[in-house]
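This report concerns selected residues of one protein model. The sequence and structure are shown first.

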Amino acid sequence: MSSTMAGTLAVLLFALPLAGCLGNALLGPRLGRRFCNILGPGVVLAAFACALVALVAVLGAHEDARSTTVTLWPWLDLGPRALRVNVDITIDPLSVLMCLVITGVGFLIHWYSVGYMAEDETPWRFFSYMNLFIFSMLLLVLAGDMVILIIGWAMVALSSYLLIGYYYDRPSAVTAARKAFVTQVIGDVALVIAAFMIVTNLRVPSLQLNTVFHYARDSFPQGGALITGICLLLAVGAFAKSAQFPLHTWLPDAMEGPTPVSALIHAATMVTAGVYLIARFHTLFDLAPVAQGVVACVGMGTAVMAGIIALSQVDIKRVIAYSTMSQIGLMIFAVGIGAYSAGMFHFATHAVFKALLFMAAGNVIHALHDEQDIRLMGGLGLTMRQTERCFLAGSLALAGIPIWAGFFSKEELLGLGYSHGPLAPTLYLVGLGVNVLTGLYAFRLYFTVFRGDPQTARTYAAHEAPPVMLLPVVILAVLSTVVGLALLPGIPGVVGPFILGSFLDPVFTAFGGQVITEPGRLAGFVTVLFGTAASLIGAGLARRWWYERRPDAQVVAARVPRALTQLSLHKFYFDEIYDAILVRPTRQVARGLRTVVEPVYADGWVEAVGRGAAWMSETFRVLQTGRLRDYATGMLVAASAFVIVLAVFVR
């Protein structure tokens, strides 16, 4: 691809959602809802068209010329031998894949929002924030310089803060937004420290990513303490953004935002940024096997923990939120063992079926007038047949049932975990447990919401969603069914080419990296067989427990070890632990400062200054008599004193 074309496409990709953000904010209040409904989704659709053009251009280029980095303009130049920062963008297969998902799935979510937010009083504010989120993610994934990447990273956090707290008149929404933002700042700080460590140790002339990777390969020894520390800091940034243990507590609370916001955060934008970060910095992680092992273990651990918690949740959106955390954990595990293409494959399929699940859940919530408790649902398949079928497609894809999308991507990455990474194949066996959990909570949700008898009058009166909300959901349901077959025809690891892997692998081998090998055909077949069996076991148990028998929740809980049910209900007590370790001591310190330090010392200094000024005012006021002779006398005394001082001290 030529530099001119790459620069033009990048500018358009940035400018379109940014123009939508500014247009909605400045003109929306005057031009009204119809203007916002056209401009908000329209700019994202246009950006998706640009991403498609970029895909065609990348595919048309020679394999060695598919990565293009362009300097749009120089920004900071600190001297001939000092650091330079330019606005660099990189268009390569990895960034193009991210752009396609962000803008493609993002457009369907924007389209859906036209119907879902039809009663909202400030559509210009909503679409302005949504467009800003798309712009921030595009800036992040197209950045060719670490400084620009950090700016995009921080803007994503800002956008999520605005959208999670969209209903700012609700205290719970404001608290959730603040919690998300504070957690993101922890990741931001870690990322910035990692950047400083790279600059000070590599002594690179710029933080352009290609330059950093080139110098790193020759400067950092394999497995050294410094590169391990840098990668661990990068991992902390990824964990915060992707809601991984122990920085995961913000994600369920983020459900306080509107449902389209949840779909955008979980499917196409924010939580996937951590996976992208580790994949983009693959050159550094390849040099730090200890950091890779930590990343893989944290990812798999988070997948298990989130799956257990999802089993006890009763809020439809929170169940899906914990499923996101679990699936992102699998992606983190994949990139942690060096299976970068497999991780990005699951990212692409997950974006489709997770947006589908959130938007289908939004149809249910919309029909039940904001009811989100699944215990008050049931039997909605009778009145919402189309939504039920779409939700079932999403559940099948999430559980990894053949032939739906999640089957191909999940079994691909788990199969690679059988023979690669730390503790292989122990973590693979843990992954089989995750498959069982996924089938359980996915179909528990489906059977509880759509099958059985309606539980309330609202469920009897529920109606199907309007076409503007239903059509995007149907499109995503179709994609959830066919996208896996399109990208990985055959059985993962056994039969058929990995088309997406062939597309992405040159990115991960550009600086001497190695693509991990597939397990042998027999091992691949066995892993797929066991993985599928685990998913089917989970789905079958869910059908038996929540559809055929429908036992009382307390009866089910009584059959499970009490410690496990308590951990699940209390979300492993992470909120309570953070509250005890961080929040309460901080409040105690703040209260002490407020009651002791502030009135005695801070207020005391301020009051002393005030009293001094008052004393000076009272003292010097007597000199202001209004009589000329007094002023002349004062001037004469002052001049005499001045002359004496000069005579004595200046010779």
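The model is predicted: local features need pLDDT of at least 70, side-chain atom pairs count only at pLDDT 80 or more, and totals for chains, interfaces and linings use all residues. Residues are numbered from 1 along each chain as its sequence is written, and side-chain values use heavy atoms, with hydrogens and water left out.

| Residue | Relative accessible area | Class |
|---|---|---|
| Asn86 | 17% | buried |
| Ala462 | 7% | buried |
| Leu593 | 45% | partly exposed |

Buried means under 20% relative accessible area, exposed over 50%, and partly exposed in between (1.4 Å probe, protein chains only).

Asn86 belongs to strand E2 (residues 84-91). Leaving aside residues up to four places away in sequence, Asn86 touches Thr71, Trp73, Pro74, Trp75, Asp145 and Ile148; contact means heavy atoms within 4.5 Å.

Ala462 occupies the loop between helix H19 (457-460) and helix H20 (467-487). Helices (H or I, at least four residues) and strands (E, at least two) are DSSP runs, numbered from the N terminus. Ala367 is 95 residues from Ala462 along the chain, yet their C-alpha atoms are separated by 5.3 Å.

Leu593 lies in helix H25 (residues 574-621). Together with Val589, Val596, Val597, Val600, Tyr601, Trp605 and Val606, Leu593 forms a nonpolar surface patch of about 830 Å² accessible area. Patch residues have over 30% relative accessible area and no salt bridge, with nonpolar side chains (Val, Leu, Ile, Met, Phe, Trp, Tyr) joined within 5 Å and like charges within 9 Å. A salt bridge is a side-chain nitrogen of Lys or Arg within 4 Å of a carboxyl oxygen of Asp or Glu. Accessible areas come from the Shrake-Rupley method with a 1.4 Å probe; for residues, only the protein chains shown count as cover.
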